Amino acid sequence: MPGMVVFGRRWGIASDDLVLPGAFELFIRVLWWIATVVLYATHKGKFDCHGGAVLHSYIVVLLILLAVIILTLCAVVYISAQGTIMNPGPRRSMPVLVYLRAVLYIPEFVWACLGAVWVSDSSGGCEPAEIGLVIGAVVASWIILLSMVLGVLIVFDPLGSLRRPTLIGESSGLRDLQSSESSQLFYTARSLAVRVWESRLRLLCCCLPQDDNHRAAFSSIAQLVSGFFSDTDLVPSDIAAGLALLHQEQDKMEHCRDPDDVIPHSPSSPIREDLEIELEKAAHFMQFAVAAYGWPLYVYSNPLTGLCKLSGDCCHNRNTESDLVGGDNFGCNFSSILHVTGLQYRDFIHISFHNQIYEIPFFVALDHKREAVLVAVRGTLSLKDALTDLSAECENLPVEVVSGACYAHKGISQAANYIYKKLVNDGILSQAFSIAPEYRLVITGHSLGAGTASLLAALLHSTYPTLKCYAFSPPGGLMSKALAEYSKQFVISVVLGKDLVPRLSIPNMEDLKRRILKMVSNCNKPKYKILLHGCWYEVFGGTPDDFPTEMENRREEALSQPLLGEESLLVPGSTSYHSISSDDSPTHPTHLPLFLPGRIIYITEDGPSRRHCFSQVRYRAEWSNETTFHSVLISPRMVADHMPDVVHRALCSLTSDRPFSLCPSSYSNSHLNVI
């Protein structure tokens, strides 16, 4: 549903968004009114204390005011619950009710102030219950008023004054304007949106230095974020409803798929043996990717004993680590790395905890068990890392031996170049191989660290042809097709379940937006029912709801032009507006396609998608390709499956004999693991 237009501007809330907040306030108001009536009935004729007459008048007016507010809220909830997301006709009177409800805040504010004055000046000699009633009324009024102010700030749309002519113009024929005029309107809105997001980022990152790198990152991120939904007229609740519907739709499709529809390989086939070998290596090197996160992840993974184990070592290592650790010296980080990896102090060549935008922590160590010079790169753990992640423009990454276009994610490419210069120009790798010349180079990392490790491996492979890279949960929009094909020689990517990050790319997000638009525009259930059932389904599971859609009652030839369908949710002049009628329309032409690195091991839970908390988990691992990750999967596990400790445990359960059955990150017996 397009944003509601009141007070001369568009807001980030629709006319069908007031059901649940209105019902909650209505519940509070009814309880408040009943309590006031009970006290008034039991004390009627007994208001004989000093200021009792004023108290009597105060309670009577309060009861009347509460009754009017309750009736108004009943109307708001009832009207807001009518119609569907794309059928706002039954809610035409909602702006009038919003104006009425806003006007009622004025007498409520005045009465709250009068109540506070009465309590402080005229409540002497009155019963505690009477004083408590007034104090409770004053406090409740102020809480509701402050909540209203906070709500207004949340739903305030800085672009509302600019979007309002668009909404009004659509009903009077703006759709028929020349494309140049609508494109100019869209360009103006987009430019303002970019400036708004740059201001938000500067405010959010006010504690960071405002140098050229940060300003460039803010501009790049603002362009990316402002452009995603700027060509739509959706409010956040519409997106939430679309995601809930899409999750259930995906689950229905998954239930219809044959669970045994996998490529069979004999137990002795080379493909299976290769997969088993790589899984063993991946499980080993994943511990170094986990260790790179330092003490925060160690304490998170060991909540009962982590702090105790590190407390004695943090200060103990502070005097000896200065020769090893570059950048910021944090003894707890180094101590946690020692605990996780099991290496000795002498096995480390270089550790850097220095962290700036495009500059992420890493360490270099000798792994004697695998005879490797190991470079482990840390994933996202700070606001600066998040800025690196979000700098998603393409940047050239020259690799001489690759024929074809070589470009990659800008932020991760610059992080890889930073570590490359440290390793090569500062002689860190030369020092390592002077100690162990027969070892091979292995680079590993998780998430942001995985993407950086993959690009770093591409830069170093010509110098170290035996190099190997293990990238755990790498970002999907990472490198060009030519680089991705080249990296298959030396990069192994590991993806778990419905992890969101390996599916994150601008084309995938554009596809997700199109699917949300289709789900929202074709569902004929009220939004509050969609959201309530969606929350229940996410938390407790169950059978996906078979929501009726407008498609069921319309002819196929009419689907391309719905009464209030996808086209009505798009800003004229935008790319999506011109391409929405075609499912196969290309994504935004300014965004080059980016792919996952290397060969991909895809680990999934073998069995039902919903399980009991303490049930055993069976994992299935198989070789996959980038086409498997061309669509974002909506699931409660889309974030949990990305966590490094969860990935590590899944790998260990595939390669170990130890049974675990904890939830949600469960090990399983080796005889249950499917490869």
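A residue counts as buried when its relative accessible area is under 20%. In this predicted model, Y358 has a relative accessible area of 4%, so Y358 is buried. The residue lies in the loop between strands β4 (348-352) and β5 (362-367). Phi of Y358 is near 70°, a positive value in a residue other than glycine.

S473 sits between strand β10 (468-472) and helix α17 (481-487), in the loop that links the two. Phi of S473 is near 55°. Here too the value is positive and the residue is not glycine. The relative accessibility of S473 is 0%, and S473 therefore counts as buried under the 20% cut-off.

The remaining results concern a pair of helices. Two packed helices are described by the angle between their axes and the distance between the axes. Helix α1 covers residues 19-42, and helix α2 covers residues 52-80. Their axes come within 9 Å. The axes cross at roughly 155°. Angles over 145 degrees count as roughly antiparallel, so α1 is roughly antiparallel to α2. The crossing of α1 and α2 is left-handed.

Conventions: Residues numbered from 1 in each chain as written. Predicted model: local features only at pLDDT ≥ 70, side-chain atom pairs only at ≥ 80, totals over all residues. Heavy atoms only, no water. Axes fitted to C-alpha atoms, helices over the stretch in contact; angles between N-to-C directions. Helix = DSSP H or I, 4+ residues; strand = E, 2+ residues; numbered from the N terminus. Parallel < 35°, antiparallel > 145°, perpendicular 65-115°, else oblique. Left-handed = near helix turned anticlockwise from the far one by under 90°. Buried < 20%, exposed > 50% of the residue type's maximum accessible area, 1.4 Å probe, protein only.
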